[in-house]
Structure formats: structure tokens, C-alpha cells
Amino acid sequence: MIRFLIRLAIYVGTAALALLVASWILPGFTLTLSGFIIAVAVFALAQRILTPFIVNMARKYAPAALGASGSSRRSLRCCSRAYSLAVSR
């Protein structure tokens, strides 16, 4: 439960930070408080849902892309195992 709450805080925090940076950088980008809260919730939920899908796609298709760049399969397996262990905790 604690890990879930920490991940939730990270997802919400990164979504809020991204919207704040966008409002500072992009001219004409404005959000009301209710729009900001809804956008943060939508982005955090989308990140939570899409992260496993993106990781699986990268794990499936990365060897082909890395083969063209000269990276070894061994380093990919090592990195994917480390990531899998970090995500599963």
C-alpha cells in the first residue's frame, strides 16, 4: 500500500510539474484551478495505465533497434531485468 501511494504521488507530481513548466514556457497557455486538477488527474492516470504497455513494447522491440546500433543483447537483458525488479517492488 505504501508503494502504491508513493507511485501515485510521483505520477501526480510529475504531471503537475509538467503542466506548470508548460504554462511558464508556452505563451498563451493558461489553466484554471479546476482545469489544472482535472488535467493532472488525467495525465497521472494515463501514465499509470500506459507505463506497463510501453515497457512491454520496448522489451519486445528494443533488441531489433539495439542490434542496428551495435549494442549487445546481454546489456539489454541486464537492463530489462533490473527494470523489471524495480517495477515489481
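This is a predicted model: local features need pLDDT of at least 70, side-chain atom pairs count only at pLDDT 80 or more; totals for chains, interfaces and linings use all residues.

User: Let me start with one side chain: is I6 buried, partly exposed or exposed?

Analyst: The general idea is to compare the relative accessible area with two cut-offs: under 20% is buried and over 50% is exposed, with partly exposed in between. I6 has a relative accessible area of 47%, so I6 counts as partly exposed. I6 sits in helix α1, which covers residues 2–25.

User: Which residues make a nonpolar surface patch with I6?

Analyst: The patch is formed by M1, I2, F4, L5, I6, L8, I10 and V12, and its area is about 800 Å².

User: Now the overall fold. How many helices and strands does the protein chain have?

Analyst: There are three helices and zero strands, and the order along the sequence reads α-α-α.

User: Which residues of α1 are buried?

Analyst: They are Y11, A15, A16, L19 and A22. Across the protein chain, buried residues account for 15% of the 89 residues.

User: Which residues make up the largest nonpolar core?

Analyst: For a core, look for buried nonpolar residues joined through side-chain atoms within 4.5 Å. Here the largest one has five members: A15, A16, L19, A39 and V40. Both α1 and α2 supply at least two residues each, and α1 gives the most, with three.

User: Is A39 buried or exposed?

Analyst: A39 has a relative accessible area of 16%, under the 20% cut-off, so A39 is buried. A39 belongs to helix α2, residues 33–69. A39 and A15 are 24 residues apart in sequence, while their C-alpha atoms are 8.1 Å apart in space.

User: What about L45: buried or exposed?

Analyst: L45 is also found in helix α2. Its relative accessible area is 52%, so L45 is exposed.

User: Which helix has the lowest mean pLDDT?

Analyst: Helix α3, residues 73–88, has the lowest mean among the elements, 53, whereas α1 has the highest, 88. Over the protein chain the average is 77, and 70% of the residues score at least 70.

Note on methods: Residues are numbered from 1 along each chain as its sequence is written. Side-chain values use heavy atoms; hydrogens and water are left out. Patches are made of residues with over 30% relative accessible area and no salt bridge: like charges are joined within 9 Å, nonpolar side chains (Val, Leu, Ile, Met, Phe, Trp, Tyr) within 5 Å. Accessible areas come from the Shrake-Rupley method with a 1.4 Å probe; for residues, only the protein chains shown count as cover. A salt bridge is a side-chain nitrogen of Lys or Arg within 4 Å of a carboxyl oxygen of Asp or Glu. Helices (H or I, at least four residues) and strands (E, at least two) are DSSP runs, numbered from the N terminus. Buried means under 20% relative accessible area, exposed over 50%, partly exposed in between (1.4 Å probe, protein chains only). pLDDT is the predictor's confidence in each residue, from 0 to 100.
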